[in-house]
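Let's take a walk through this model together, from the overall build down to single residues. Keep the viewer open as you read.

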Amino acid sequence: MNSIKELLEKKAANVLSIYFTAGFPQLNDTVPIIQELSKSSADFIEVGLPYSDPLADGTTVQNSSQQALQNGINLDVVFDQLIEIKETNSTPLVLMGYLNQLIKYGEEKFCQRVVDCGIDTVIIPDLPMVEYENHYQALFAKYGISNVFLITPLTSEERIRKIDAYSKSFIYMVASSSITGAKGEISQDQIDYFERIKSMNLQSKLIIGFGISNHTTFSKACKYANGAIIGSAFIKFLEKNGVQAIPGFIKEIKQ
Amino acid sequence: MKSKYQPNKDGYFGQFGGAFIPELLYPNVKEIEDNYIQIIESEEFQNEYKNLLKDYVGRPSPLYYAKRLSEKYQAHIYLKREDLNHTGAHKVNNTIGQILIAKKLGKTQIIAETGAGQHGVATATVCALMGLDCTVFMGEKDIERQAPNVARMKMLGAKVVAATSGSKTLKDATNEAIRYWIQNPHTFYLIGSVVGPHPHPDMVARLQAVISEEMKWQLKEKTGKENPDTIIACVGGGSNAAGAFYHYLDDEDVGLIAVEAAGLGVKSGKSAATSQLGEVGIIHGSKTILMQDKYGQIVEPYSISAGLDYPGVGPLHAFLHETKRVQFMSATDREALVAAYELTKTEGIIPALETAHALAILPKLSFSKDQVVVINLSGRGDKDLETYIKHLED
């Protein structure tokens, strides 16, 4: 079974996922960040693969990606870092990157290295459903990799049903029409949208992301989904307080 | 007429094209995809579009026989005078068309990206004309080097937003426009070239196709034949070339030449010659050829011309390159500057720096005496005077 699905079957509420950019703030911070998050009992971790032109990301992720690339990160370095902790790390990992990275690296080679690192779940925000159906579904199936689909307040019910059928790990529920890191409280419109999706009784577990930044927004999101993802707020915290301070961040969210 | 150069239902020209967009953009793109052909082909649209092109833009743009240039290169050289359009370039053909589509879709807020500022000005112009709200994203670096166009956009009432990410040029302005579009799905993204997710490349090509539509009857009048032997156009994203080639794509006897910006030289590391330096990948929602490193990170291009330093090329052009229907050549900064001065002194026409790249390959070609050559004179050089004056002494 997919590692995230397995996790979500055991723990269906208040699941906390943390997103961070590999190779940021320092090139070799990738492993220590995973270890600290794991010790602080983040439930699963999204490892961002830095990209030069991340269309779905806001300034925080863009800047951290730029810095990571300047630090010398690339896919080979990330995979080398991740394979190092394959045996010792028990917190499930998800890779998040853009499709061009995969294409240029070699799709088969990419999948093989993902599997070699003990990872079985990827998020590729610019991989559209039609391309998945035509090509990537078969490719990922061959390697036992699950692709996570995003849904938004504007995704039609018909499309959500289709995505539900394709999802083997979880559905990434984008909290609003926004890019990552968008600020603010959770509005009534968003709650209406969360409730609408909840009432669809999908077979897939739901994790909410984009704009989740603190204890308040996290616990609110968890009322309507199985858990939530924090990214930009964590990256900002990391930049300011360093890797050693991670347990404090997680404690604050989970309080 | 169904040409093999039109996209299939998923927006592919051969292996290039498609719509590689985040789910967040799906409804926006779908709305346009479901409606654009029907709107463009409607009588109401065609009437409005043609009337505005005639009375507001000043079309048909003349097809001018460049006598002295022809003598110099021993060929019959015609210039398609897109530089005489209102706002000074071919860009307005597309913005007029798209603003009518936006209105038909009930949109009131328009966003656009711009490199040299020509598309930004053309967008700000049609927004003023229609009384619509306009925001233009422009790389911080381009804002500095294209000051007159920034001033024009502001006078026209547009808000100019500096793109400060990445290389701070056209690529990043496009990223910022797309990010804004994601966050403001009710806006209409008036894209400036034959790039982006399907159906944008096809939509823009159809709207620029008026260039070659006119060339056909103008050439017939002047030479007795609709088809020239050769058409030359510069390519950044590729909208003026798409327009100049469009109605000739299936006429295999017409030689088509696309000229990219070589910058300081194709192998110098400071270039924008995508067809020579690029590989297959995805940029701005489209599978095409683009300049990238071995890990798929997009490489920052370079050209003296802010309208040509784009790391990709529209998917139709990637297909035309792959199938060898179009011959891709390149011209350096220096060659373009020399060509701009040459046209100015032989014909009294100051071309845009982008256009100067198309002119710059004339010395590299050999012509037969009766050869009919059309150069698409995509824009005028007013915006580039500062650069031209700086190099006057060289």
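**A guided tour of two chains**

Pro199(B) sits in the loop that runs between strand E8 (188-189) and helix H9 (200-208) of chain B. Helices here are DSSP runs of H or I with at least four residues, strands are E runs of at least two, and both are numbered from the N terminus. The bond joining His198(B) to Pro199(B) is a cis peptide bond, with omega about 15 degrees. Pro60(B) belongs to the loop between helix H2 (43-57) and strand E3 (63-65) of chain B.

Before going further, a word on conventions. This is a predicted model, in which local features need pLDDT of at least 70 and side-chain atom pairs count only at pLDDT 80 or more, while totals for chains, interfaces and linings use all residues. Residues are numbered from 1 along each chain as its sequence is written, and chains are lettered from A and ligands numbered from 1 in the order in which they are written.

Now step back to chain B as a whole. Chain B contains 16 helices and 14 strands. Its radius of gyration is 19 Å, close to the 21 Å that the globule rule gives for 394 residues, so chain B is as compact as a globular protein of that length. That radius is taken over C-alpha atoms, and the rule is 2.2 Å times the number of residues to the power 0.38. The C-alpha trace of chain B spans about 55 × 45 × 40 Å along its principal axes. Of its 394 residues, 60% count as buried. A residue is buried if 20 or more other C-beta atoms lie within 10 Å of its own, exposed if 12 or fewer, and partly exposed in between, with C-beta atoms placed from the backbone.

Four of its five residues are buried, so E9(B) is largely enclosed by the rest of the structure. E9(B) runs parallel to strand E10 (residues 255-263) of chain B, and five bridges join them; strands pair if DSSP finds at least two bridges between them. Ala233(B) has Ala258(B) as its bridge partner in E10(B). From E9(B) the chain crosses through helix H11 (residues 239-245) of chain B to E10(B), in a right-handed β-α-β crossover. Right-handed says that, with the strands pointing away from the viewer, the path from the first strand over the helix to the second runs clockwise. E9(B) also pairs in the parallel sense with strand E14 (residues 372-377) of chain B, over three bridges. There, Ile232(B) stands opposite Ile375(B).

Next, find Thr355(B) in helix H15 (residues 353-359) of chain B. Thr355(B) is buried because 35 other C-beta atoms lie within 10 Å. Leaving aside neighbours within four places in sequence, Thr355(B) is in contact with Cys234(B), Leu377(B), Ser378(B) and Gly379(B); contact needs C-beta atoms, placed from the backbone, within 7 Å.

Within chain A, strand E3 (residues 93-96) and strand E4 (residues 121-123) run parallel and are joined by two bridges, and Leu95(A) has Val122(A) as its bridge partner in E4(A).

Most residues other than glycine have a negative phi. Asn201(A) is exposed, because 7 other C-beta atoms lie within 10 Å.

Finally, see how the chains meet. The contact takes 25 residues from chain B and 30 residues from chain A. On the side of chain B that touches chain A, the largest share, five residues, comes from H8(B).

Note on methods
Contact = placed C-beta atoms within 7 Å.
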